[in-house]
Amino acid sequence: MPLSSSSILAYGCRYRAPYYNKHFTIFSSPFYTLRHHSPLRLPRVPSAYFRTFSFFNPPSLSTGNSLFSRMEKHFSGPAADKTKNKAMADQLRRCGVFSSERVAEVMEAIDRGLFVPSGTAAYVDSPMPIGHNATISAPHMHAMCLELLKDKLQPGMHALDVGSGTGYLTACFAMMVGPEGRAVGIEHIPELVTWSVENIKKSVAAPLMEKGSLSVNVGDGRLGYPEAAPYDAIHVGAAAPEIPKALLDQLKPGGRLVIPVGTFFQDLQVIDKREDGSISTRTETSVRYVPLTSREQQLRG
Ligand SMILES: C[S@@+](CC[C@H](N)C(=O)[O-])C[C@H]1O[C@@H](n2cnc3c(N)ncnc32)[C@H](O)[C@@H]1O
């Protein structure tokens with residue numbers, strides 16, 4: 001998969017380090033100096049930024065969100081590596097990004113190394129360009145979204161992954177809902193859909209795709225995917241200026257939608273549809289994602 005853009009930096013990530021842990025030195029992009037409305041009280045950032053930036057040269061794609069940057073030389077590789085993938089998941093769990101056993105199992109089972117362009121650092125906690133002005137989101141965002149959606153990804157449930165990109169998260173969803181469920185990815189760049197299918201074929205989710213409970217489709221994700229609606233879980237991997245009505249309509253009563261909402265910086269919103277059809281919304285954190293837009297607009301950059 002050729003990389004078409006070097007300008008896609010800091011997309012598909014939380015825009016500050018998610019969890020401060022004394023075992024990690026946090027370095028950051030200048031975004032990290034912004035104020036956030038997080039429930040967690042973090043140490044004052046600018047000093048951490050300058051302290052670490054002065055002696056540690058971050059990789060060009062880092063976003064200020066890396067829990068693993070110092071380990072990059074140990075965690076980089078062109079091919080899948082089960083040990084490194086497990087170590088990445090273990091590290092995210094230790095840092096509190098997720099806590100559930102089911103999320104740990106699926107992150108171990110679906111090897112991120114199969115879903116990144118060859119030569120990229122698969123196990124570094126950073127988004128990576130995948131061409132077409134898109135990125136694979138950072139592992140901490142994948143982990144966080146799996147944790148937020150895990151109760152709606154029970155065996156037999158239906159899940160929609162809007163902006164499925166590499167297919168990584170769609171494959172995770174498929175493993176969680178199992179052969180009786182349905183996991184659907186929708187992505188508007190046909191080349192990414194073709195590539196994501198190849199990625200999934202190399203993964204343990206391949207039999208689910210063969211049997212039809214996992215599929216990836218070309219289309220405008222703002223319209224959802226009515227063919228497999230309603231959904232217990234909807235994840236949107238790109239930032240919408242406002243919540244697309246079609247996605248709310250395709251959410252099952254009792255279902256949950258996780259979506260970044262905003263323009264330059266966004267709120268990761270968690271939207272629950274109650275059994276009576278009413279909606280509750282809360283903001284989980286602040287993030288920075290590529291826009292949910294038209295194909296033409298995305299390719300123009
Ligand atoms: C940050 S990437 C995340 C990809 C995926 N979650 C992953 O980690 O591999 C956002 C994706 O949304 C796609 N996208 C943007 N707007 C879209 C739209 N209107 N319909 C479908 N996909 C869209 C982009 O092409 C890109 O692949």
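Predicted model: local features only at pLDDT ≥ 70, side-chain atom pairs only at ≥ 80, totals over all residues.
Local features are reported at pLDDT of at least 70 and side-chain atom pairs only at pLDDT 80 or more, whereas totals for chains, interfaces and linings use all residues. Residues are numbered from 1 along each chain as its sequence is written.

The chain comprises ten helices and ten strands, taken as DSSP runs numbered from the N terminus (helices H or I, at least four residues; strands E, at least two). Of its 301 residues, 50% are buried, that is, with 20 or more other C-beta atoms, placed from the backbone, within 10 Å of their own. Among contacts (C-beta atoms, placed from the backbone, within 7 Å) between residues at least 6 apart in sequence, 65% join residues at least 24 apart.

Helix 4 (residues 101–109) packs against helix 5 (residues 139–149) at an angle of about 140°, the axes being 9 Å apart; axes are lines fitted to C-alpha atoms over the stretch in contact, and angles run from 0 to 180 degrees between N-to-C directions. Helix 4 is therefore oblique to helix 5, a class left after angles under 35 degrees (roughly parallel), over 145 (roughly antiparallel) and 65 to 115 (roughly perpendicular). In this pair, Val-103, Val-106 and Met-107 of helix 4 meet Ala-143, Leu-146 and Glu-147 of helix 5.

How values were computed
Contact = placed C-beta atoms within 7 Å. Buried ≥ 20, exposed ≤ 12 C-beta atoms within 10 Å, placed from the backbone.
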